[in-house]
Amino acid sequence: MRAPTQALIVIDVQNDFCPGGALAVAGGDQIIARINRLMTEFATVVLTQDWHPGDHASFAANHQGAQPFSLTQMPYGPQVLWPVHCVQGTKGAAFHADLHTDLGQMIIRKGFRPQIDSYSAFFENDQTTTTGLEGYLRTRGVSAVTLVGLATDYCVAYSALDAARLGFQATVLQDACRAIDMNGSLADAIAQMQAAGVILAD
Ligand code: VGL
Ligand code: ZN
């Protein structure tokens, strides 16, 4: 077992991010066995679930004439427009059936406000609306987080950057993550994480 000050945060291991899903990440299901083993090693295990209403502003389908994977401007900054994914209560939003979700004590749902996307487990994309995860971890005595899941260059990276900014020691286990990797997004995310002091390990 790891020290009780360490938490594992499992990001968005949901059907829509796995092969066959609406926003499939290549090899997204290949990390599940490793994550299941990791979950048995940590006293604190948090799972996140991308959880959008059908009218969510991050969906290209909700913007006239917009193509999936194009960029738009939101009040909080640039935003990628995604295919419809992880709609609340659908099979695509459910955790992958092979993930041992019973080992998690807390599930953070994010992205449920129609007008704000939320990549990070800590803050929505406006960088101020909180999910409550910081308080949960601090009141459980956690000072270090290990992050795994999908996708490396979006929800995992944003979560790791916020964790570091909040003063947690943050480690990303890269071989327990898979990336969308669009227009250099993975290289950008890695550079940002390195600059922020996130530990990138395998
Ligand atoms: C994610 C794009 C849109 C992710 C979520 O989990 O990385 N990416 N919503
Ligand atoms: Zn999403």
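The space taken by ligand 1 is the largest cavity in this predicted model. The report starts with that site and then turns to the chain as a whole.

**Ligand site**

The shell around ligand 1 is made up of Asp 12, Phe 17, Leu 23, Asp 50, Trp 82, His 85, Tyr 119, Leu 150, Ala 151, Tyr 154, Cys 155 and Ile 180. By residue class, nine of these shell residues are nonpolar, one is polar and two are charged. Oxygen atoms of ligand 1 take part in the polar contacts listed below, one from a side chain and others from the backbone of Leu 150 and Ala 151.

| Residue | Protein atom | Distance to an oxygen atom of ligand 1 |
|---|---|---|
| Asp 12 | polar side-chain atom | 2.7 Å |
| Leu 150 | backbone N or O atom | 3.3 Å |
| Ala 151 | backbone N or O atom | 3.0 Å |

On its own, ligand 1 has 250 Å² of accessible area, and the protein covers 100% of it.

Ala 151 is placed in the loop that runs between strand E6 (144–150) and helix H3 (152–165).

**Fold and overall dimensions**

The protein chain contains four helices and eight strands. Their order along the sequence is β-α-β-β-β-β-α-β-α-β-α-β. The radius of gyration of the protein chain is 16 Å, close to the 17 Å given by the globule rule for 202 residues, so the chain is as compact as a globular protein of that length. The C-alpha trace spans about 50 × 35 × 30 Å along its principal axes.

**A backbone feature elsewhere**

Phe 69 has a phi near 75°, which is a positive value in a residue other than glycine. Phe 69 belongs to the loop between strand E2 (44–50) and strand E3 (71–74).

Notes: Residues are numbered from 1 along each chain as its sequence is written. Chains are lettered from A and ligands numbered from 1 in the order in which they are written. This is a predicted model: local features need pLDDT of at least 70, side-chain atom pairs count only at pLDDT 80 or more; totals for chains, interfaces and linings use all residues. Side-chain values use heavy atoms; hydrogens and water are left out. A residue is near a molecule or strand if one of its heavy atoms lies within 4 Å of it. A polar contact is a pair of N or O atoms within 3.5 Å; within protein, one must be able to donate a hydrogen and the other to accept it, and residues adjacent in sequence count only if both atoms are side-chain atoms. Accessible areas come from the Shrake-Rupley method with a 1.4 Å probe; for residues, only the protein chains shown count as cover. On a 1 Å grid over the protein atoms alone, a cavity is a set of points where a 1.4 Å probe fits but cannot get out, and a pocket is an open set with protein on both sides within 12 Å along at least five of seven lines; lining residues have an atom within 4 Å of a point. A molecule sits in a cavity or pocket if more than half of its atoms lie within 2 Å of its grid points. Ala, Val, Leu, Ile, Met, Phe, Trp, Tyr, Cys and Pro count as nonpolar, Asp, Glu, Lys and Arg as charged, and the others, Gly among them, as polar. Helices (H or I, at least four residues) and strands (E, at least two) are DSSP runs, numbered from the N terminus. The radius of gyration is taken over C-alpha atoms; the globule rule is 2.2 Å times the number of residues to the power 0.38.
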